[in-house]
Each structure stands twice: as structure tokens, then as C-alpha cells.
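User: I would like to learn how to read features off a protein model. Please give the general idea each time, and then the case at hand.

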Amino acid sequence: MSSFALNDLEVHAGERRLLGPVSLSLPAGECLGLVGESGSGKSLTITALLGLLPPGLRARGELELDGRRIPLGSAAHAALRGRVLAWVPQDPQAALHPLRTVGAQLEESLRLLQAIDAAAARREAVALFERLQLPDPPRLLSRYPHQLSGGQRQRVLLALALAGKPRVLLADEPTSALDPRLADEALALLDTLRTDLGVSVLLVSHDLPLVARHAGQLAILRAGELVEHGDSAAIFAAPRHAYTRELLAADQLPAAEPTSPGAELLRLEAVQVTYPGQARPAVSGVSLSLHRGECLALVGESGSGKSSLGRALLRLLRQGASGRIELDGEDLLSAGRGRLRALRRRIGVVFQDPYASLDPRMRIADLVAEPLRIHGITPAGGREAHVAALLESVGLAPALAARFPHQLSGGQRQRVAIARALATGPDLLVCDEAVSALDAQHRAGVLALLARLKRERGLALLFITHDWPAARALAERCAVLEDGRLVAMGPTAAVLAGGRATG
């Protein structure tokens, strides 16, 4: 008999069914992958399992725990949270309190869930950090979330989830913000916990190939419906549902089309970035160039210096950046306030998480028009017409201008972010991990959109990423960073093949 099962879950908003019926079983120590695109119902399944549905939604169905049937929404269901069912959220930066040390947060959970005193909680916290292979646990416990790397923060969330000695871990997109190496390490750690502790894992993700390497069973959701469920190897070998075949096909990205770049637009010479209090620079002596109509992918693992170099280029660092960063021959690093404002008008930026970069209180029309207001631009035909044209250029209906960000899918929000970045008619578009949080279908769509905009507008595109397949699909050239140093640069195909061409 399965140690844990979900039977006939349905989620309703009034009379409208949003999800279900969904039935899943999780034997002890096994991993089940729950996969689907944005809006498919994955996170709704997690919140229903935890009994944390937002107001206005209600769940039907039951849980089965060692033969005991527990109705969803009952007091017995609520008592499982943290002790039998534990949640590993997607975004550790948002989930961890920024003003409290990670040790204080973990020890508080341990005292509450295990009813132990402060000394015992401290010992248990150290033991958990050791189990999760975090370095120097006593020292790390005294640090704040911002002082940890992304991979370390993810492991702290896992420690918090393990504080109540749960039977089932609900891992909600735990690798979406991690580079491939860290993602594999995080899932390998979950595999170890399953073996050592007998804990079951419900692994929620939009990355079907990654999940299939660790989950023995797969469940595929589409628009709230469970369309396929079975052995991972069998589903990959012979997917039965057309939607599953679409998900698999979306991961096969085509190589970038060759282009003829124009004149040089951006040049970096011996750029160095050093943060206060750090002995070694985050970026050391990087020189590269980018031409109009060309995409250069800046690739590297977490901590390689990619984002630091991007922040230096955008003049988002108050101090610590040196060298030269020239846009059409003008040095951004030495530009005064007035001239910098004019130069920034020529640079559009698309950040990693559109939900974080778009103000949730503003309508789409106001978000897209915001750069026009900031720079005092009144386009021919007026701002409203310009916004409508921008939305159409990124594949969105102008009618969406009246909506708020939470009313759009992840892919639609990122297209809004791109439309906003294009509002001032920039020459250079900087994309910082712009597709890492998207499912395979939205990722492919946004990459195709960026390629089209680059081609049609003659944009120079700096694509910062840890996603090698995405770089291959979009960039004519690649620059590889390791430990802040440029270790390879050249045509994307040559760099992917292990070439060390420079220039």
C-alpha cells in the first residue's frame, strides 16, 4: 500500500472547476514529477495539498496516509502541514526573512515543530546543515539570506522543510533559478534524502527532461487536467498525449540563424568589478565587443560574474567598477548624470523575473509607457497608440493593456517586460536570465520573439544566461565567464564544441 496518496482532488472557484480530478500516489522514498506549463495547475495542486488555497477557492477530495482517509480542508488535514507534508518554495529570496539570520529562522521552526528547547534546536540546526552539505554550519547559521549564494539559500529552505521530520516533501520549482550544475546537485541531494530518510518527493517543475532524470513516475497537467500519468521512461519512449509530445518538442531548440552584424555598438575594455569588503574582484579584466544586429551570449555558472558585469554596464553599481564601457564610443562609467540619462534611453533591460520587475499595482498600459514618461517622450500618434503597437510587436493583444500583471501568464508577463524595454527605441537590449523562469513552450516563444526583434530592429542583444541551449538558439557569439574571468569567446558553435577562440 502506498504510504501517501491524493484521491480525486478538485479545486473550484464558485461553480467553475479550475483543477481536477487529480489522483496521485507516492510510495515511501519515491519521487513523482508533476509537470506542465505555466497555468497548468501545478502550484494549485501544491497549495491544495497544503490547505493554503487563497480566499474564494475550495478543494474537494481526500488524502490517504497509511490507509487513513483524511478529507481535504479538515482539521486533520491542517495538522499534517509541516509535520507530514512540508513545502520547499520556489524562490528562497522571497521565502526567507531578509532581516533575520537563517539560523534564527531554522531554530524557530525546530522549536515549534519538534517542541524542543533552544540548545537542542541549535544542535539540530547544525546537524541539518551538515546533512545538506552546507559549509561550516555554525558560521553559516549566523548569516543573513543575502550573504548566501543561491544554491545555499535553496538548501536552507530544504532544511526548514525538514525541520518537522515530514513524510512528503512538496518541492515547487526548486531549480528554476539555479544553473544546470546547481540544479543537478539540488536534485541529487533530494535523491539522497529519499534514500537516507525514506521521505517521498513530489517534484513540481516545468523542466520535463530534468525531472525525468530523478522521478520514477511522471504526471502531466494541462489547463487543470491530468492528461498523462505513468512511468517516466515509458512516457519518454512513447508519450500517449499530444500535449506531452509538445512539451518534449519544445525543449529541442533550433540553432540561431546566421546574420550579418552591423557596426560596433558596445565595447568593454578591461572591466573590473570589486565589491566592498571582498578581497578578490567579482569581475576581472573583461574585454569584449557587440555589434548592431548581433546577439552575444554571456554564459557562466552562478557566481561567475555575469550579473555583476551586467550591473556595471547598466551603471547600477555605486562603486567598485573600473575600466571602460563604451556605447557608440561614449564611456558609460565616466558619463555625468545628464549624459548618463541620455545614454540609458538607448539601452533596454529585461530582468529574470517579470513578476518581480513589473509593479503589481500598475496596469500593463502604464508599465509599458513608464519609460516614455521617465524620459519625457511623446511618440507620434500618442502614448496609447505606441503602447498598443509595442504590445502587438511582442505578440500580445492590445486589449491586455487594461490588465494587471497577476492576470497574465509567466510568458505574457515576460513579453510585457520586453515591450517596456523597447518603449524608447533602444539600440541595445540587455536580457539578464530572461527565460530561466519560463516553461519550455514559453521559453521557446520568447527566444523566437527576441530573435525576430533583433533581426527586424537591428538590435544589439546582450543575453546573460546559464542556459546553454538558449544561448545556442539565439546568439551568434558566446563569451564564457568563470570566477570573474573571460575564459572563452567566439562563434557559439565553436565555444559549445570546446573551442577557445577569442575576439
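Analyst: Start with contact: heavy atoms within 4.5 Å of each other count as touching. The model here is predicted. Leaving aside residues up to four places away in sequence, Ser232 touches Ala212, Ala215, Gly216, Gln217 and Leu218.

User: Where is Ser232 found, and is Ser232 buried or exposed?

Analyst: Ser232 is found in helix 10, residues 232-237. Its relative accessibility is 5%, and the cut-off for buried is under 20%, so Ser232 counts as buried.

User: How do I read a sheet, and in what order do the four strands lie?

Analyst: Strands of a sheet pair through backbone hydrogen bonds, either parallel or antiparallel. In this model four strands make an open sheet with the order 2-1-4-5, and their pairing is antiparallel. Strand 2 (16-26) and strand 5 (68-71) are the edge strands, each pairing on one side only. On average, neighbouring strands of the sheet are turned by 5° against each other, direction ignored. Helix 1 (residues 42-50) packs on this sheet and touches strand 1, strand 2 and strand 4 (57-65). The direction of helix 1 makes about 110° with that of strand 1.

User: How many bridges hold strand 1 and strand 2 in their pairing?

Analyst: Seven bridges, in the antiparallel sense, pair strand 1 (residues 4-13) with strand 2. Val11 has Leu19 of strand 2 as its bridge partner, and His12 stands opposite Arg17.

User: How should I read a helix, and which residues of helix 7 are buried?

Analyst: An α-helix has 3.6 residues a turn, so residues three or four places apart point the same way. Helix 7 (residues 150-162) has 13 residues and reaches 19 Å from its first C-alpha to its last, close to the 18 Å expected at 1.5 Å a residue. Helix 7 is mostly covered, with 12 of the 13 residues buried. The buried residues include Gly151, Arg153, Arg155 and Leu162. They pack against strand 6 (85-88), helix 3 (92-95), helix 4 (102-114), helix 5 (118-131), strand 7 (168-172) and helix 8 (180-197).

User: Which residues does Arg167 touch?

Analyst: Arg167 lies in the loop between helix 7 and strand 7. Beyond residues up to four places away in sequence, Arg167 touches Ser3, Leu65, Asp66, Arg83, Val84, Val199 and Ser200. Arg167 is partly exposed, at 33% relative accessible area.

User: What span does helix 17 have, and how many of its residues are buried?

Analyst: Helix 17 (residues 410-421) has 12 residues, so at 1.5 Å a residue it should span 16 Å; the 17 Å between its end C-alpha atoms agrees. Of the 12 residues, 11 are buried, among them Gly410, Arg413, Ile418 and Ala421. The buried residues pack against strand 16 (347-350), helix 14 (354-357), helix 15 (364-374), helix 16 (383-393), strand 17 (428-432) and helix 18 (440-457).

User: How do I read charged pairs, and how many salt bridges does the structure hold?

Analyst: Side chains of opposite charge can pair when their charged atoms come close. The structure holds 27 salt bridges. One of them joins Arg139 and Asp136, at 3.0 Å from N to O; Arg139 is partly exposed at 34% and Asp136 is partly exposed at 43%. Another joins Glu433 and Lys306, at 4.0 Å. That pair links distant parts of the chain, 127 residues apart: Glu433 is in the loop between strand 17 and helix 18, and Lys306 is in helix 12 (residues 306-313). Glu433 is buried at 8% relative accessibility, and Lys306 is buried at 6%.

User: What separates the closest N and O atoms of Glu330 and Arg339, and which residues form a network?

Analyst: In the salt bridge of Glu330 with Arg339, the closest N and O atoms are 2.6 Å apart. Glu330 is partly exposed at 28%, and Arg339 is partly exposed at 40%. Salt bridges with shared partners join Arg292, Asp328, Arg346 and Asp427 into one network.

Technical notes
Residues are numbered from 1 along each chain as its sequence is written. This is a predicted model: local features need pLDDT of at least 70, side-chain atom pairs count only at pLDDT 80 or more; totals for chains, interfaces and linings use all residues. Side-chain values use heavy atoms; hydrogens and water are left out. Two strands pair if DSSP finds at least two bridges between them. Helices (H or I, at least four residues) and strands (E, at least two) are DSSP runs, numbered from the N terminus. Axes are lines fitted to C-alpha atoms, for helices over the stretch in contact, and angles run from 0 to 180 degrees between N-to-C directions. Buried means under 20% relative accessible area, exposed over 50%, partly exposed in between (1.4 Å probe, protein chains only). The expected span of a helix is 1.5 Å times one less than its number of residues. A salt bridge is a side-chain nitrogen of Lys or Arg within 4 Å of a carboxyl oxygen of Asp or Glu.
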